[in-house]
Amino acid sequence: MAYLGNPQNTIAVLQKYNFNFQKKFGQNFLIDTHVLDKIIEKANITKEDFVLEIGPGIGTMTQYLCEEAGEVAAVEIDSNLIPILKDTLSEYSNIEIVHGDILKVDIGALAREKNQGKPIKVVANLPYYITTPIIMGLFESHVPIDSITVMVQKEVAERMQASPGTKDYGALTLAVGYYAKPEIVANVPPNCFMPRPKVGSSVIRLKRHEHPIVQVENEKLMFDLIRASFNQRRKTLVNGLNNAPGIFLGKEKIQECLKELSVSETIRGEALTLEQFARLSNIMKNKM
Ligand code: SAM
């Protein structure tokens with residue numbers, strides 16, 4: 001089977017199987033070898049690695065992964081793509097094609113079975129309609145993960161890598177930053193895909209922290225605070241938290257907490273770093 005990362009070979013496979021793109025599955029297949037090379041290079045894959053690919057499509061990137069990695073598992077939701085993948089990947093013996101929804105597959109079990117519970121690498125050109133649930137689901141499930149290297153919508157990548165005080169900085173930045181160090185490694189224009197998406201794309205690498213970078217006594221409380229702060233972006237942090245459901249401290253106690261954190265009472269949530277949110281949640285926990 002020829003490599004698929006170009007328009008001619010992709011069209012040949014689509015025609016052979018009379019394949020129709022399904023918009024509801026976010027299907028935009030890569031047709032640019034430079035982009036594929038870049039993803040593989042940045043994902044830093046070796047023969048020692050077990051790689052999980054989410055949404056292999058017709059197997060374009062999977063071919064590259066099979067050549068570089070020890071073992072690959074590729075989870076694809078669209079049943080019409082399964083016979084195609086069996087064909088395009090027939091030369092490789094280190095691939096398992098899993099038909100299923102990535103949000104329902106037991107990835108922990110896959111990592112235990114295929115990689116003896118060692119940290120896995122995730123590589124994907126993600127379906128954009130579920131980017132955030134996929135990434136957060138992977139981190140929150142506590143599956144051992146080394147890194148996640150994924151193509152996402154450009155503006156989502158920018159939100160993940162934003163700095164405090166900028167317009168892109170928000171709950172997603174902090175949630176990702178809690179688990180991993182983000183690095184945008186490539187910007188990818190719509191003409192590198194078939195069909196072309198309406199938005200620009202970026203490849204981002206999320207390298208999981210080996211040790212927690214902040215000390216949090218109650219993770220749920222910290223994420224409740226973060227969500228409350230950014231739900232009401234234009235409000236001061238005191239008002240944002242005072243109006244938030246589930247935080248019953250009252251304005252005065254919230255002001256005391258901010259004083260203890262050594263920040264101004266008029267500060268907005270968007271100015272706080274992850275470290276400050278972590279400390280604030282620890283201070284608040286002790287006052288509840
Ligand atoms: N990896 C291929 C490529 O780069 O050409 C295809 C990428 S395409 C953007 C996203 C793929 O994810 C599609 O094949 C789609 O069918 C699949 N997909 C969508 N939702 C999924 C889900 N919940 N679980 C697993 N795969 C999914």
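Valine 150 stands opposite isoleucine 204 in β9. The strand β9 spans residues 201–208, and strands here are DSSP runs of E with at least two residues, numbered, like helices, from the N terminus. This is a predicted model, in which local features need pLDDT of at least 70, side-chain atom pairs count only at pLDDT 80 or more, and totals for chains, interfaces and linings use all residues. Residues are numbered from 1 along each chain as its sequence is written, while side-chain values use heavy atoms, with hydrogens and water left out.

Strands β6 and β9 pair in the antiparallel sense over 7 bridges; two strands pair if DSSP finds at least two bridges between them. Strand β9 also pairs with β7, again antiparallel, over 8 bridges. Here alanine 186 faces valine 203 of β9, and proline 182 has leucine 206 of β9 as its bridge partner.

These strands belong to an open sheet of 7 strands with mixed pairing, in the order β4-β3-β2-β5-β6-β9-β7. At its edges lie β4 (95–99) and β7 (180–188), each of which pairs on one side only. On average, neighbouring strands of the sheet are turned by 20° against each other, direction ignored. Axes are lines fitted to C-alpha atoms, for helices over the stretch in contact, and angles run from 0 to 180 degrees between N-to-C directions.

Helix α6 (residues 131–140) packs on the sheet and touches β2, β5, β6, β7 and β9. A helix is a DSSP run of H or I with at least four residues, and contact means heavy atoms within 4.5 Å. The direction of α6 makes about 175° with that of β6.

Strand β9 is largely enclosed by the rest of the structure, because 6 of its 8 residues are buried. Buried means under 20% relative accessible area, exposed over 50%, and partly exposed in between, with a 1.4 Å probe and protein chains only.
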